[in-house]
Amino acid sequence: MAITIAVDAMGGDFGPRVTIPATLSILKKNTQLSVVFVGQESQIQPYLAKLSPDILARIRVVHTDEMVTMDDKVAVALRQKRQSSMRLAINLVHEKQADACVSAGNTGALMAISRFVLKTHANIDRPAILAPLPTQKGQVYMLDLGANVDSEPKDLVQFALMGDVVARALAGIDKPRIGLLNIGEEEIKGNEQIKQTHQLLKASSLNYIGYIEGDGIFKDEADVVVCDGFVGNIALKTSEGVAKMMASFIKEEINKNWLNKLAGATAYPVWQGLKQKMNPSNYNGASLVGLTGIVIKSHGSADENSFAQAVNVAIQAVEQNIPALIAANLNAP
């Protein structure tokens, strides 16, 4: 199917020098894909200069000098930067000129602008940030990862419903196991928000398996893990920090002496396999679920491989028509 992706070319820590080559790498492989780069044309065009005519035919550039910085407050991005590359890219989705938007820009601004322009589904009070995380046996979808600092039990139930839809559509899981993140597995554990959510999920038609603790996220105890954005973002950043620390420790130990270096060289295939499984690039691309359109958030520090993965996530979301699936499931009796 023909797909058009709007790319906020100026977003993220590196802007066009990452977003454009990364997107072009996918464009060259997928002949059904078209791209609209939004940003400063003078910074975009040099990357397009040597492309073949058939590739150029699937590229459009929307020029703007305005951009949302990583330090911009949400109110500034939303009210004062209406011609920013982020805003115009999201507008393209709203205007049906693009099927999805991908940005590595300011998360708070991206969520606020997306919600303002695209709106949420009628039965969704708050959109959420959803992303896959690696587990011992595959991956788990987790939400919310930072869109909502405070969430009511009904919001968490809506997150569970949306996570269920995404896991079935993208992972092909017939009845995703839904877990509620808590400080323990016992019924008496948790605050009132968690306890009320627990009762609501038990009464739902979802394949709810109950509470799981933080370590259960990575032990493949659930296919979807539900939490509020405050807890979810801390859990995500903590896991990323632990992964980086372990990689640093391993590298430090290998370089301690010649014997360790020899052992490290012998175990090189093992390290490469481990690196591939834990490579954040393979899991980049968080979906802003609950909106009427598709918006994918890339890590701000993403490299080319990582941003390319976010573009792939956008393509998958379009192919499966995730917003329509969510809407259909929310309206089901």
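Where is the place of V231? I looked it up and found V231 in helix α9, residues 229-254 (helices are DSSP runs of H or I with at least four residues, strands are E runs with at least two, and both are numbered from the N terminus).

Before going on, I noted that this is a predicted model, where local features need pLDDT of at least 70, side-chain atom pairs count only at pLDDT 80 or more, and totals for chains, interfaces and linings use all residues. Residues are numbered from 1 along each chain as its sequence is written, and side-chain values use heavy atoms, with hydrogens and water left out.

V231 counts as partly exposed because its relative accessibility is 36% (buried is under 20%, exposed over 50%, partly exposed in between, with a 1.4 Å probe and protein chains only).

Then I turned to the rest of α9. The helix has 26 residues and spans 38 Å from first C-alpha to last, close to the expected 38 Å at 1.5 Å a residue (the expected span is 1.5 Å times one less than the number of residues). I found G229, G232, L236 and S239 buried in α9. The cover over the buried residues of α9 includes β5 (128-134) and β6 (139-143).

Last, I went to the loop between β5 and β6, where T135 lies. T135 counts as buried because its relative accessibility is 13%. I listed its contacts (heavy atoms within 4.5 Å): leaving out residues up to four places away in sequence, T135 touches V140, I217, F218 and D220.
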